Amino acid sequence: MSLVEKPHIKDYWLTNLVLYTPFASSLMKRDRFTSIFSMLHISNNSKYVRKGQPGHCLFKIRFYVNFINTQMSKSYYPYQNITVDEGVCPFRGSVNFGVYMKNIPEKYGMKLYVASDPLTGYTLKFEIYSGKGQLDNSITLLYERLLCDYFEKGEMTFARNGLQICVKWKDTRDVLLLSTVYSADMKPVTVKARGGAIQKFKPVAIIDYNKNKTGVDHGDQLITYYPFK
């Protein structure tokens, strides 16, 4: 159905010579498929999460989301650079955590946090935003220490927690970055300016991020080639 797109699901069982595609009807009858499709249930009610408890919003699909993430990580070994960014799954149903994002093609849906390989656009893992973002306490402490500092444009400050480093760099706006790979070093780069090219110093982590930040966008581009929603 992602390769042969038809207006309605029942159209895959049409016998009209112009519109006929035999694959679906060779697997099962139309009424059986629609019956299963309308009653599809993928959660275990014995593990029901009550309203108000963490995980309630996504209880009905949590098992399926975890399964997809496991299969994606088994199927592909990524290169060194991993991009984490926002994405949207198109959806206009009734959920209390739906979002509207005006600057993307699919404006209504569920917001996803996606980890992807920028070289291939492959999605490694995703998490659905359910309206309540939570940060690990150690990360929160790093942010609190950095956000209270005031410094001039072009300057950098950082804090470390074991292997994890949080860098705050003052550019046109504050740029915050978490890493377990980079140090707090800076290096010169050439950038465009109104008067011509100029040299400025940027954190090494920021320079590498700018090179590899397009992973989720690359994945979104590939998805558009297969219009099945």
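Helices (H or I, at least four residues) and strands (E, at least two) are DSSP runs, numbered from the N terminus. The structure described here is a predicted model, in which local features need pLDDT of at least 70 and side-chain atom pairs count only at pLDDT 80 or more, while totals for chains, interfaces and linings use all residues. Residues are numbered from 1 along each chain as its sequence is written, and side-chain values use heavy atoms, with hydrogens and water left out.

**Nonpolar cores**

- A nonpolar core is a set of buried Ala, Val, Leu, Ile, Met, Phe, Trp, Tyr and Cys residues joined through side-chain atoms within 4.5 Å; buried means under 20% relative accessible area, exposed over 50%, and partly exposed in between (1.4 Å probe, protein chains only).
- The largest nonpolar core has 10 residues: L58, V65, M72, F97, M110, L112, V114, F126, I128 and V216.
- At least two residues of this core come from each of helix 3 (59–75), strand 3 (108–116) and strand 4 (123–128). Strand 3 gives the largest share, 3 residues.
- Another core, of 5 residues, lies apart from the largest one and includes W169, L177, Y182 and I206.
- Leaving aside residues up to four places away in sequence, I128 touches L58, I61, V65, F97, M110, K111 and L112, where contact means heavy atoms within 4.5 Å.

**Strand pairs**

- Two strands pair if DSSP finds at least two bridges between them.
- Strand 3 and strand 4 are antiparallel and pair over 5 bridges. Within this pair, L112 stands opposite I128 in strand 4.
- The hairpin of strand 3 and strand 4 has 6 residues between the strands, and G121 takes a positive phi near 80 degrees there.
- Strand 8 (186–193) and strand 9 (196–203) run antiparallel and are joined by 8 bridges. They form a hairpin with 2 residues between them, and V191 stands opposite I198 in strand 9.

**Helix 5**

- The buried residues in helix 5 (residues 204–212) include A205, I206, I207 and N212.
- Among the elements that cover the buried residues of helix 5 are strand 1 (83–90), strand 6 (164–170), strand 7 (174–179), strand 8, strand 9 and helix 6 (215–223).

**The second largest pocket**

- On a 1 Å grid over the protein atoms alone, a pocket is an open set of points where a 1.4 Å probe fits, with protein on both sides within 12 Å along at least five of seven lines; lining residues have an atom within 4 Å of a point.
- The second largest pocket has a volume of about 350 Å³, the volume being the space filled by probe spheres set on the points.
- Its lining consists of F37, S38, L40, H41, I42, K60, I61 and Y64.
- Helix 2 (30–38) and helix 3 each supply at least two lining residues of this pocket, and helix 3 has the largest share, 3 residues.
- The lining divides into 5 nonpolar, 2 polar and 1 charged residues.

**Two valines**

- V95 lies in the loop between strand 1 and strand 2 (99–100). V95 counts as partly exposed because its relative accessibility is 33%.
- V95 and N81 are 14 residues apart along the chain, and their C-alpha atoms are separated by 34 Å.
- V18 belongs to the segment before helix 1 (23–27) and is exposed, with a relative accessible area of 73%.

Note on methods
Ala, Val, Leu, Ile, Met, Phe, Trp, Tyr, Cys and Pro count as nonpolar, Asp, Glu, Lys and Arg as charged, and the others, Gly among them, as polar.
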